[in-house]
Amino acid sequence: MTKTRQEATCQPMAKGRIFQDFLGLIWQLQPAIFLWLLLGAVLGAVQVLFTAAIPKWLIDAYQQGYDTQRFLLLIALIVSGKLALLQLNKTIGNRQDRQNELLTQQFVLTLAEKISRIDYANLEDPQLLDLKERGQFALTNYGALQQFFLSGMQGATGILTLLGVTTLLIRFSLPLFLVILLLTILSTALSIGALAQMQKMMQQLIPINRVYNYFINKTFRPDLQKEFRIFGMHQLMDDRIRALNNGTSHWLWRMRMLDARTSSGQAVLQYLTAFVAMAYATLRVLGRSARSQIGIGDFTFYVGISLQFSSAVFNTGQAVFQVAQALGMLEPFATFMAIPDSAVKSGKQEVPDFESLVFCDVSFRYPGSERLVLENVSFAIQRGEHISIVGLNNAGKTTIVKLLCRLFEPDSGEILYNGVPIQAYDYAQYIARLSAVFQDFKFFPFTLRENLDPAGRCDTDAVLFRVLDEAGVGDVVRSFPRQLDSYLDKSLRDDAIECSGGEKQKLAIARAMLKQSDLLILDEPTAALDPLAESEVYRHFSTLTEGRTAIFISHRMSSSVFCDKILVIDRGRVAAFDTHQNLMAGDNLYRRLFEAQAKNYGDRGDVHLAQANSGSCSAL
């Protein structure tokens, strides 16, 4: 039976599709932001027209002979209106900033949630990991989402301003409007060309900046300081950072020179626009025909809106381009979000107590690879058995565990739990039947109690300490000032405790034991322990796994002595599946590995450990 696994595709998306998807996601996460965007755009357009009209109102009032009281009242109304607009603008701006901050946080959280929903197999794809990093960088470092909205509001404000100003200019003079429009188009084309070159430069600079941030972050990591000091790695890091700094400075210099040239060209066109508008308005002021003549107030108003038209067109064009630029930066995020959610589906059957587990001709390859990691693997485990999986590096041992935990789905074959394919069971119930200690286990910056028992299953501390004692770390926890309520990770809390690698490994084993599961998986459970501590764990092995089916994966063959059967994996295939005694009686890979390690123990003089691990086996 073949299972189809969904693999991520990292093909770039069209900007139109990105724009549509982003608007949909924003509406889902923070719909109120569109209201504040619209209010900000309307207010911006009103402010432009209000500011342009102020000189006209004052000049007209003076020419009409307002008395002092009426003139002061007009000034008071203008000042009050301006203050009200400024206050509204400040209020709306604050709400927009707050909405932007919340939205950015929600986008980062959405990215994190997406990671938990896609197939685990895809998370080991380097292209997808790079896509995720670039998407996160655009959100948190580059501020692409803020640019998207600020530019969007600028564009909306420009469009509303243009609607008002264009109507007024056409009514004033169509020829003047057409001349100003032509000059504005030239200025906008100059700006868009420069922005296009800047975007191209930014796309070249972003990878350099990402690498620069990577090296900078590495220099601050406490766990790397030993290598920096002992092996002088800091000099290599400094050289690389300086080289990246030089590269960044070169790109920034080119961008500043381009900006300077563009600004100079725009200034010339802007002054030309102002000259044309002022010259035409002056002629209208001096005109002999009463029908075409305008007053000084109208002169100031139409010159002002002529300049505002040019500015509005430029700002709108720049905003559209910056929105496109932001979408380009956000493309990795959108592409990552478009990856289908996990194909792992929950069945409907309830999961009964464990009786047997069978791999039937299971084959598997990792995404993007043609090499089969597992090929037609078949074996069976019965309730209460302790099985050891051994083999050389990259033989496929850990992959078996990942398939069993449904982190991956087989390419072909079946995994049967009590004779039923594991996909048929309710996913949550099935996972509840499993407990595991992985090679790269992690603890989190919570209390020790929360790390050991996140679901809060244990009613009393006595239960927790009993398992901690069985794992050989109970006295260590009792020595902590706050014992089970001690926090982990000193990088976040000064009062947190610091455990050694061996102590963390024992805590990880205790955490796995505390989950009342039928099937216990220990992937390299003693890798961080010294030989004596390892021997102690194995002496308590029967107690630790009492009443449970257990699967051991270890490079240390001595762990196999405690198991009922040994599954030997060689280059993705089952080389043998038998008891320790039967395998040691023949000539096979297991015996060669076991005897090689036994010889190393003997050569180092660890006779006590060898005897403890081997029991009555003379090979040790």
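The model is predicted, so local features need pLDDT of at least 70 and side-chain atom pairs count only at pLDDT 80 or more, while totals for chains, interfaces and linings use all residues. Residues are numbered from 1 along each chain as its sequence is written, and side-chain values use heavy atoms, with hydrogens and water left out.

I begin with the whole chain. Its secondary structure comes to 20 helices and ten strands; helices (H or I, at least four residues) and strands (E, at least two) are DSSP runs, numbered from the N terminus. Of the 620 residues, 45% are buried, where buried means under 20% relative accessible area, exposed over 50%, and partly exposed in between, with a 1.4 Å probe and protein chains only.

I turn next to the strands. Two strands pair if DSSP finds at least two bridges between them. Strand E1 (residues 356–365) runs antiparallel to strand E2 (residues 372–382), and seven bridges join them. Within this pair, Val362 stands opposite Val377 in E2. E1 is also joined to strand E4 (residues 412–417) by five bridges, again in the antiparallel sense, and here Ser363 stands opposite Ser412 in E4.

Strand E9 (residues 565–570) and strand E10 (residues 573–578) are likewise antiparallel, with five bridges. Leu567 has Phe577 in E10 as its bridge partner. E9 and E10 form a hairpin with two residues between them.

Which residue in the turn of that hairpin has a positive phi? It is Arg571, with a phi of about 50 degrees. Most residues other than glycine have a negative phi. Arg571 counts as exposed, at 72% relative accessibility. Arg406, in the loop between helix H10 (397–404) and E4, also has a positive phi, near 60 degrees. Arg406, however, is buried, with a relative accessible area of 3%.

Finally, I consider two helices. The axes of helix H13 (residues 461–470) and helix H15 (residues 501–514) come within 9 Å and cross at roughly 125 degrees. That makes H13 oblique to H15: angles under 35 degrees count as roughly parallel, over 145 as roughly antiparallel, 65 to 115 as roughly perpendicular and the rest as oblique. Val463, Leu464, Val467 and Leu468 in H13 meet Leu507, Ala510, Met513 and Leu514 in H15, contact meaning heavy atoms within 4.5 Å. By class, this contact has eight nonpolar, no polar and no charged residues; Ala, Val, Leu, Ile, Met, Phe, Trp, Tyr, Cys and Pro count as nonpolar, Asp, Glu, Lys and Arg as charged, and the others, Gly among them, as polar.

Conventions: Axes fitted to C-alpha atoms, helices over the stretch in contact; angles between N-to-C directions.
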